[in-house]
Amino acid sequence: MIGRVALVTGGSRGIGAAIALRLARDGADVAITYQSAAGLAAQVVEEIEALGRRALAVRADSADPDAVRGAVDAVVAELGGLDVLVNNAGVFPYGPFEEVSLDELDRTLSIHVKAAFVAAQAASPHLREGGRIISIGSNLAERVPFPGIALYAMTKSALLGYTRALARELGPRGITVNVVQPGSTDTDMNPADADDAAHQRSLTALGRYQTPDELAATVAHLAGPGGRTITGASLLVDAGTNA
Ligand code: NDP
């Protein structure tokens, strides 16, 4: 992947930070967005630069389409192009669906669905042959083993149709579009020592959480030469939870 530029939304922590660092290790210059964790974002930038790659952190609330477009434009202006877009920023609204407010409904749709759409629109004119769009969905988009996640599952499952349709639109230009569906991954969003972690572990075939680095390895494969003919695909990386 030498000489390529990647943008990872929500790259200040967790899965996004692991993806950003892995793509940098594979030879990409990497930009990240974040919502509020400026200090953590700066640390990720330092780590990428320590790998000898160029890096950029942009504060951009994924709920705001103008901020998403602005982040893509900033990456193109500062890093000289864009080859790999990773739609990763996400939240985990949890609770009975009757209690979801309209504001929360709109905000989650904006972060998980609208931002992925708008980022791809902004990135499209810049993507060249070999370009990649990779979204981070969830295994909960395909199976729902417990209640309280109607909003989360609904917004993540929208990425499935989006991915297949965009693969058809961008395929003629040699650009691939895929969605990676993680299962329980040890991050601030879903710590492996949380109250319900034992239950989540019991749902997996492998009997454990995965690490953000393990998830990042699949994204790196899709972004690299091995991903050339994988498009319109949904890849479960969930330790066998949905098996
Ligand atoms: P974390 O909560 O650990 O990190 C979330 C990241 O997204 C942070 O960088 C955060 O920025 C950023 N972010 C959140 N909201 C916004 C926003 N409105 N605008 C811009 N950036 C934002 O989450 P994970 O790393 O666990 O999750 C990453 C993705 O993986 C999400 O899409 C999630 O749904 C998905 N996923 C996670 C699973 C898990 O078990 N962990 C399982 C399945 C899917 P900041 O630091 O500034 O707050």
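The model is predicted. The protein contains seven helices and seven strands, and from the N terminus on they follow the order β-α-β-α-β-α-β-α-β-α-β-α-α-β. The radius of gyration is 17 Å, close to the 18 Å that the globule rule gives for 243 residues, so the protein is as compact as a globular protein of that length.

**Overall dimensions and packing**

- The C-alpha trace spans about 45 × 35 × 35 Å along its principal axes.
- Buried residues make up 46% of the 243 residues of the protein.

**Ligand shell**

- The ligand has 30 residues around it, and those that come nearest are Gly10, Gly14, Ala37, Gly90 and Thr187.
- By class, this shell holds eleven nonpolar, 16 polar and three charged residues.
- Helix α1 (14-25) and strand β2 (29-34) each contribute at least two residues to the shell.
- The largest share comes from α1, which supplies three residues.

**Helix pair α3 and α4**

- Two packed helices are described by the angle between their axes and the distance between the axes.
- Helix α3 covers residues 65-79 and helix α4 covers residues 102-123; their axes lie 9 Å apart, at an angle of about 35 degrees.
- On the α3 side the meeting residues are Pro65, Val68, Arg69, Val72 and Asp73, and on the α4 side they are Lys114, Ala115, Val118, Ala119, Ala122 and Ala123.
- This contact of α3 with α4 is made up of eight nonpolar and three charged residues, with no polar ones.

**Ala18, in helix α1**

- Ala18 has its place in helix α1, the helix that also gives the largest share of the ligand shell.
- Ala18 counts as buried because it has 25 C-beta neighbours inside 10 Å, where 20 or more are required.
- Not counting residues up to four places away in sequence, Ala18 touches Pro212, Asp213, Leu215 and Ala216.
- Leu166 is 148 residues from Ala18 along the chain, and the C-alpha atoms of the two are separated by 25 Å.

- Gly227 sits in the loop between helix α7 (212-223) and strand β7.
- With 20 C-beta neighbours inside 10 Å, Gly227 counts as buried, since the cut-off is 20 or more.
- Leaving aside neighbours within four places in sequence, the contacts of Gly227 are Arg132, Thr176, His221 and Leu222.
- Between Gly227 and Val177, which are 50 residues apart along the chain, the C-alpha separation is 9.9 Å.

- Most residues other than glycine have a negative phi.
- Ala239 is not a glycine, yet its phi is positive, at about 55 degrees.
- Ala239 is found in the segment that comes after strand β7 (234-237).
- Ala239 is buried, because 23 other C-beta atoms lie within 10 Å and the cut-off is 20 or more.

How values were computed: Residues numbered from 1 in each chain as written. Predicted model: local features only at pLDDT ≥ 70, side-chain atom pairs only at ≥ 80, totals over all residues. Helix = DSSP H or I, 4+ residues; strand = E, 2+ residues; numbered from the N terminus. Rg over C-alpha atoms; globule rule 2.2 N^0.38 Å. Buried ≥ 20, exposed ≤ 12 C-beta atoms within 10 Å, placed from the backbone. Near = placed C-beta within 6 Å. Nonpolar A, V, L, I, M, F, W, Y, C, P; charged D, E, K, R; others polar. Axes fitted to C-alpha atoms, helices over the stretch in contact; angles between N-to-C directions. Contact = placed C-beta atoms within 7 Å.
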